[in-house]
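User: I would like a close look at one part of this model, the charged side chains and their pairings. Please keep it brisk.

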Amino acid sequence: KMAAAAGAAAAAGLWSEVNRCGQNGDFARALKSVNKILQINKDDVTALQCKVVCLIQNGNFKEALGVINTHTKVLTSDVIAFEKAYCEYRLNRIESALKTIQSASQQTDKLKELYGQVLYRLERYDDCLAAYRDLIRNSQDEYEEERKTNLSAVVAAQSTWEKVVPEDLGLREATYELCYNTACALIGQGKLNEAMKKLQKAEELCRQSLSEDSDVTEEDIEAELAIIHGQMAYIMQLQGRTEDALQLYNQIIKLKPTDVGLLAVIANNIITINKDQNVFDSKKKVKLTNAEGVEHKLSKKQLQAIEFNKALLAMYTNQADQCRKLSASLQSQSPEHLLPVLIQAAQLCREKQHAKAVGLLQDFADQHPANAVEIKLTMAQLKIAQGSVTKACMILRSIEELQHKPGMVSALVTMYSHEEDIDSAIEVFTQAIQWYQQYQARTNHGCCVFQPKSPVHLSLIREAANFKLKHGRKKEAISDLEELWKQNPKDVHTLAQLISAYSLVDPEKAKVLSKHLPSSDTMSLKVDVDALENSHGATYVRKKAGKLTGDNQQKEQGQGEVKKKKKKKKGKLPKNYDPKVTPDPERWLPMRERSYYRGRKKGKKKDQVGKGTQGSTTTGSELDASRTASSPPTSPRPGSGAAVSATSNVIPPRHQKPAGAPATKKKQQQKKKKGAKGGW
């Protein structure tokens, strides 16, 4: 009895210690006291509960869950349901946490709060929205602002990932978290400018709220603003301002935020900006997407987008095996998704295996008819790249959903025209026109009352008529033009085309139809010709006939003289041009084509060099002015004077002294020759 009394006294002291440590937040010390209590009574339910709470507060979720699972007989689901579900939630065992919450006999407010978080992580946004609405409606405590923030986050997720138009919750944007979530919802709707304004407001509110705390540094504020700046950069990227977005992304990375999810998203967005350029930077950024815990921070679509970009980066860096491995893994995870197959086909095309790529796409189209349109368009593009335009046309015409679309009709007609297959091009027009006729009949429910054709239908008929006229199918074009004129008898343009076509086939019919044209009086346009000619855009102005008198005439003549003087340009003449000398009439011809050209004198210098002693010359090479006189006159060159007369006193040009040359120049040259080394 004394031992029992002593144990009870010790336990009471320990409980006092636990209570005091819990109030002070010292859960590590409280855990030691709880363990001592459990040594006295290992099945004490309260002590076990306290131990689980202490472990959770210390972040030891796995150990806390182990204690719960070890003592299932004592710690039943009714007693410890919240703690067990919370440990599973923090250990990212979301499905297990949901089962634990749903199996609890009593749904407390704490369990409802956790239930909302679990539903959000499972991306069950509709159920999550209902859960938070119920909590806000039935709760009145200091956590109301946090619940509203979570509610706005759910609405933003619906707008972003499910493309649901968010309803106005009537939440007052008093905190930067609420402003941020509103901005995310606006981005999901494509309202980028409004979203940017909300983010700027969120940044301002964040700075205000954090600057009030003296313990918060500027680095702490920038770290908190990182997610807001990241969303701003994303808006810039969507708006095409890639340089600004890239700069802001890199600034965030330099801050080294602790949120691995934020870093992964920013790195992925940088990779999308780089595309097939700057692949080395992209390979560095990929490492940020592989950080531990990223898969628990991002949504399924975000993770999927990151994996797609990894596969594309592997393709751009010529890592064919890695690309195939990643795309095959993505296809196994989402068999109905189109992008993994397109990546595989692109990789095959890079390897020049076009036929295999087309076969892969065809197999996917057969297995997933819902994606057949995108697949067939890709197949047609591959066929065009191979030069098989006709086969590409066959693939495009097999897409029933797009056969009647104006864009598809235009593409097919252009391709058939390129292949000079006019009959097939006309057949495309005919099928599209018939589709619209059948559609009109279906919408009228078989009513016999005349209904006007749609603008698209009439546009197709007109394009078909123009095409047929261009390629000589006049009779077929006439049929289309008559149909158009029937729809709008007041259309003068169509009537003119019809008359023009009939004039080539049936002139009499053209004359009859020409009576329907409006008279020239009704078609005359009241245009002021003078005002039109004098307008700013007129390129030709007709001169008015008539005489000018007095000062006006003199003024006009004076202006004309000034204009003539401006237009006249004086040609350039050689510096030493002599007007007394007749220019050579063959001066414009190349030297070889002139009548007096005798060809080059080859080997003249070779004969003079190397014979006799150094400095001596041969007797036959002495210069004689009388010999040069008999040579034919050459054409005057620019800068020369009059033609040289054939007299013995004339010094040859090579021996003439330049006019105005200083006398000292010759002496300087002689000095240079004396000082030179290594003569001939």
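Is R207 buried, partly exposed or exposed, and at what relative accessibility?

Analyst: R207 counts as partly exposed, at 29% relative accessibility. Here buried means under 20% relative accessible area, exposed over 50%, and partly exposed in between, with a 1.4 Å probe and protein chains only.

A word on the basis. This is a predicted model: local features need pLDDT of at least 70, side-chain atom pairs count only at pLDDT 80 or more, and totals for chains, interfaces and linings use all residues. Residues are numbered from 1 along each chain as its sequence is written, and side-chain values use heavy atoms, leaving out hydrogens and water.

Now the pairing. R207 and E222 meet through their side chains in a salt bridge, 3.1 Å from N to O. The term means a side-chain nitrogen of Lys or Arg within 4 Å of a carboxyl oxygen of Asp or Glu. R207 sits in helix 11 (residues 192-211) and E222 in helix 12 (residues 218-238), so the pair ties together parts that are 15 residues apart in sequence. Helices are DSSP runs of H or I, at least four residues, numbered from the N terminus.

Another salt bridge links D244 and R241, with the closest N and O atoms 3.5 Å apart. D244 is partly exposed at 36% relative accessibility. R241 is partly exposed too, at 37%. Shared partners join E203, R207, E218 and E222 into one salt-bridge network.

E144 forms a salt bridge with K148, the closest N and O atoms being 3.5 Å apart. The two are four residues apart in helix 9, so about one helical turn separates them. The structure holds 20 salt bridges.
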